[in-house]
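Open the model in your viewer and keep the sequence panel beside it. The stops below say what to select and what is there.

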Amino acid sequence: MCVTITPRAAKYMRRMVRFGEGSAAAGFRLTVKPGGCSGLDSSFTVEEQPQAGDTIIEQNGALLFLTPESCNLLTGCTIDFRESATVGGLVFDNPAAPHVCGCGATSGGAPGVGVVTFMKREAAPTGTCNQTKG
């Protein structure tokens with residue numbers, strides 16, 4: 001399994017599927033590719049079924065569909081949901097990554113803590129990487 005989904009992230013994914021009017025069998029498709037200010041660009045959609053070649057992960061009641069490329073980029077990561085007064089959304093925690101700031105720029109901090117925040121629906125207009133969308 002390429003990623004771990006925390007209970008908070010699973011709750012968020014289930015909520016997006018429900019609000020996206022997906023059926024009980026629908027899943028949360030997370031697409032990650034190189035790009036963006038953090039080095040990764042990500043988006044999500046609600047889909048009724050996985051596509052050919054997808055990795056299907058079911059954890060904590062969430063059904064996640066990942067393309068092979070997304071799974072490769074997220075290998076070893078934990079997907080969590082965090083919320084503060086200024087930002088909220090899914091984050092990737094990668095213990096093998098260098099320390100990064102909220103937008104993903106290297107900050108020279110302690111190794112072993114890599115957090116990339118994102119929150120963007122696929123059809124939404126893009127903004128700064130700390131901007132909450134969805």
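A residue is called buried here when its relative accessible area is under 20%, and exposed when that area is over 50%. By that cut-off Cys 77 is buried, because its relative accessible area is 5%. Bear in mind throughout that the model is predicted.

**Stop 1: the cysteines**

Select Cys 2 and Cys 71. A disulfide joins these two residues, with an S to S distance of 2.2 Å. A disulfide is a covalent bond between the sulfur atoms of two cysteines. A search of the whole structure finds one disulfide. Cys 2 lies in the segment before E1 and Cys 71 in helix H2, so the bond links distant parts of the chain, 69 residues apart. Cys 77 takes part in no disulfide; the nearest cysteine sulfur is that of Cys 2, 8.9 Å away.

**Stop 2: the nonpolar core**

Next, select Val 3, Phe 28, Leu 30, Leu 64, Leu 66, Leu 74 and Ile 79. These are the residues with the most contacts inside the largest nonpolar core, which has 25 residues. Colour the elements that give two or more residues to this core: strand E1 (3-5), helix H1 (7-19), strand E2 (27-34), strand E5 (62-66), helix H2 (68-74), strand E6 (77-83) and strand E7 (88-93). Which element gives the largest share of this core? That is H1, with six residues.

Now centre on Ile 79 and show what surrounds this residue. Setting aside residues up to four places away in sequence, Ile 79 touches Val 3, Thr 4, Ile 5, Thr 6, Ala 9, Met 13, Leu 30, Leu 64, Leu 74, Leu 90, Val 91 and Phe 92.

**Stop 3: strand E5 and its partners**

Select E5. Four of the five residues in this strand are buried, which leaves E5 mostly covered. E5 pairs with E2 in the parallel sense over three bridges; look for Phe 28 opposite Leu 64 in E5. With strand E4 (residues 55-59), E5 pairs in the antiparallel sense over five bridges. There, Gln 59 stands opposite Ala 62 in E5.

Follow the chain from E4 into E5. The two strands form a hairpin with two residues between them, and Asn 60 in the turn has a positive phi of about 50°.

**Stop 4**

Return to Phe 28, which is found in strand E2. Is this residue buried or exposed? Phe 28 counts as buried, because its relative accessibility is 0%. Leaving aside neighbours within four places in sequence, Phe 28 is in contact with Tyr 12, Met 13, Met 16, Val 17, Phe 44, Thr 45, Leu 63, Leu 64, Phe 65 and Leu 90.

Together with Phe 28 they form one aromatic cluster. Over the structure, the count comes to four aromatic pairs.

Look at Tyr 12 and Phe 28 as one of these pairs. Their rings are edge-to-face, 6.3 Å centre to centre with 70° between the planes. Tyr 12 lies in helix H1 and Phe 28 in strand E2, so this pair ties together parts that are 16 residues apart in sequence. Tyr 12 is buried, as is Phe 28.

Then turn to Phe 28 and Phe 44. Their ring centres are 4.8 Å apart and their planes are at 15°, so the pair is stacked. This pair also links distant parts of the chain: Phe 28 is in strand E2 and Phe 44 in strand E3 (residues 40-47), 16 residues apart. Phe 44 is buried, because its relative accessible area is 1%.

**Stop 5: Arg 18 and Phe 19**

Finish at Arg 18 and Phe 19. The charged end of Arg 18 sits over the ring of Phe 19, 5.1 Å from the ring centre.

Methods. Residues are numbered from 1 along each chain as its sequence is written. This is a predicted model: local features need pLDDT of at least 70, side-chain atom pairs count only at pLDDT 80 or more; totals for chains, interfaces and linings use all residues. Side-chain values use heavy atoms; hydrogens and water are left out. A nonpolar core is a set of buried Ala, Val, Leu, Ile, Met, Phe, Trp, Tyr and Cys residues joined through side-chain atoms within 4.5 Å. Buried means under 20% relative accessible area, exposed over 50%, partly exposed in between (1.4 Å probe, protein chains only). Contact means heavy atoms within 4.5 Å. Two strands pair if DSSP finds at least two bridges between them. Rings of Phe, Tyr and Trp (its six-membered ring) pair if their centres lie within 6.5 Å; planes under 30 degrees apart count as stacked, over 60 as edge-to-face and the rest as tilted. A charge sits over a ring if NZ of Lys or CZ of Arg is within 6 Å of the ring centre and within 35 degrees of the ring normal. A disulfide is a pair of cysteine sulfur atoms within 2.5 Å.
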